[in-house]
Amino acid sequence: VAFNREIGNPSVTLEGDIFQPSGLLTGGSRKGGGDLLRQLHALAEAESKLSFHQKCLSEIDAKINELLPLQKKFEDLRSQLELKSYDLSLFQSRAEQNEHHKLGELVHKIELELAEAKSSAQEKQISYENWVSKVSLLEKSICEHANSRESRLKDLEKKIKAIKVQMQSASKDLKGHDNQRERLIMEMEAVKQEQASLESQLVCLNEQINNFTSEVNAHKIKVASLRNDHSQAESELNLARTKMKECDSQISAILQEQQKLQQKISETILERKKMENEVKRMELERRDCSLKVEKLIEKHAWITSEKQLFGRSGTDYDFESRDSRKAREEYEKLQSEQSGLEKRVNKKVMAMFEKAEDEYNDLISKKNIIENDKSKIKMVIEELDEKKKETLKVTWVKVNNDFGSIFSTLLPGTMAKLEPPEGCSFLDGLEVRVAFGSVWKQSLSELSGGQRSLLALSLILALLLFKPAPLYILDEVDAALDLSHTQNIGRMIKTHFPHSQFIVVSLKEGMFNNANVLFRTKFVDGVSTVQRTVAAKQNK
């Protein structure tokens, strides 16, 4: 790879030996520089271990997040336990109050049962205190809600003392009331049942607390181990980074050396190209000199007559100071090249080249003439387009005004106009818009047949009014119209076409009233006759 002419790149072996294309070999006995690949491999392994430990750490964080609702549940259960303990203390105070009752001989059996219940309640109280001590230890380990619990216990003790005082006062009141004995018996039974239920709940809660504490301890151990692993991985990563920095420094030094060598190579290549260009230039000069010598021989005939004087001492052609061998070798070489070129070079090329050059110049002049004509034609086309646009705009404005006025005359209370579609100009086309009052119709299909015929007639007459003709012929244009519309057509012709003549064929009197001269056709005795009538304003 290093010594191949096509590749020529520096190469490094697994042992750390470096081969340069220039022939320089380094390595062998070096120490500490050949384990670059091993360090890179160790760095890759450290990075993989780090990613693995980071993944384990993220999984542990996810598990801790999953256990957070269990912690909330534990706190809820602990609050319920405190409430139940408060209820239990209340019931215990009631039972202690029942001890102080001095009932009669009839309730001696109930007193014995109550003493047994008190002893059992005391035992439960002892067990409850034990569990409470365990819970307090757990709370101290978790470091949560220690102060709040102590304050609650103090409040509960104060309440218990107050309740005891109230119960003592109530016991004094109950001494005189034997009728409440049965109620107290029922309360005692209820207290026993509630105490049994509370004991069962307390056992369940204690079991749950133990389970949760064991799980929390296990997770703490796991987190501690993972943190140790993470710290070890970080230390390994730091070592790998330091090694990587060393490797980067070595690689940068190697790259600098490589850049220096590449600069030297580029400089040598430039020098070689300069030498090649110089050789080519010398060859061109030699060819030019040989051509000049031939031309001189052709132009000057005295060279052939005075050749005998060339090389003689004391003459103008003394060549002793020159090397004749080199001159002869060059001359023979030039002759061989000339003989070789005569076989390949066409002597008529110059004439053909001149002819082609003349044709090319002629074509260039024609091309310039055509381009000038093209630019003139484009200018004329642009002027014609501008004139066309101006003419169309003037025509559109004039026809639009006449169209609106004619249609409003034919159909009073309406408006009509020609306007381009949305987003287009008048050059792209025009649309017919009609309005009744101030409401513009969306489509011409909303008009009746007579209204559409009046609209078409108005558009035709507006176009004709742009360049009026001396004579118009209308054949029953009012056949499908009402009488009022017919009268409006007559008025419109009078007002808008005062300088034109109309020949109108009609069968309705609304058109007759506006005519200057009326020709009537009718049958008289089986023969068709024509009667001419002139309007009253004119002489008959």
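Biologist: Which ring does the charged end of Lys417 sit over?

Modeller: The ring of Trp440. The charged end of Lys417 is 4.4 Å from the centre of that ring. Bear in mind that this is a predicted model.

Biologist: How do I read a pair of aromatic rings?

Modeller: Two values describe such a pair: how far apart the centres are, and the angle between the planes. Here, a search of the whole structure gives 6 aromatic pairs. Take Tyr472 and Phe502. Their ring centres are 4.8 Å apart and their planes are at 25°, so this pair is stacked. Planes under 30 degrees apart count as stacked.

Biologist: Which parts does the pair of Tyr472 and Phe502 tie together?

Modeller: Tyr472 belongs to strand E7 (residues 471-475) and Phe502 to strand E8, so the pair ties together parts 30 residues apart in sequence. Ring pairs also link Tyr472, Phe497 and Phe502 into a cluster.

Biologist: Is Tyr472 buried or exposed?

Modeller: Buried. Its relative accessible area is 8%.

Biologist: How is empty space found?

Modeller: Roll a probe the size of a water molecule over the atoms, and it shows where space is left empty. In this structure, the second largest pocket holds about 890 Å³. Its lining has 24 residues, and Phe502 is among the closest to the centre, along with Val504, Ala515, Asn516 and Val517.

Biologist: Which element gives the most to that lining?

Modeller: Strand E9, with 6 residues. Helix H9 (483-496), strand E8 (501-505) and helix H10 (509-512) each give two or more. By class, the lining has 14 nonpolar, 7 polar and 3 charged residues.

Definitions and conventions. Residues numbered from 1 in each chain as written. Predicted model: local features only at pLDDT ≥ 70, side-chain atom pairs only at ≥ 80, totals over all residues. Heavy atoms only, no water. 1 Å grid on protein atoms, 1.4 Å probe; cavity = no way out; pocket = protein on both sides within 12 Å on 5 of 7 lines; lining within 4 Å. Points joined across faces, edges and corners; volume = space filled by probe spheres on them. Helix = DSSP H or I, 4+ residues; strand = E, 2+ residues; numbered from the N terminus. Nonpolar A, V, L, I, M, F, W, Y, C, P; charged D, E, K, R; others polar. Phe/Tyr/Trp six-rings, centres within 6.5 Å; stacked < 30°, edge-to-face > 60°. Buried < 20%, exposed > 50% of the residue type's maximum accessible area, 1.4 Å probe, protein only. Lys NZ or Arg CZ within 6 Å of the ring centre and 35° of its normal.
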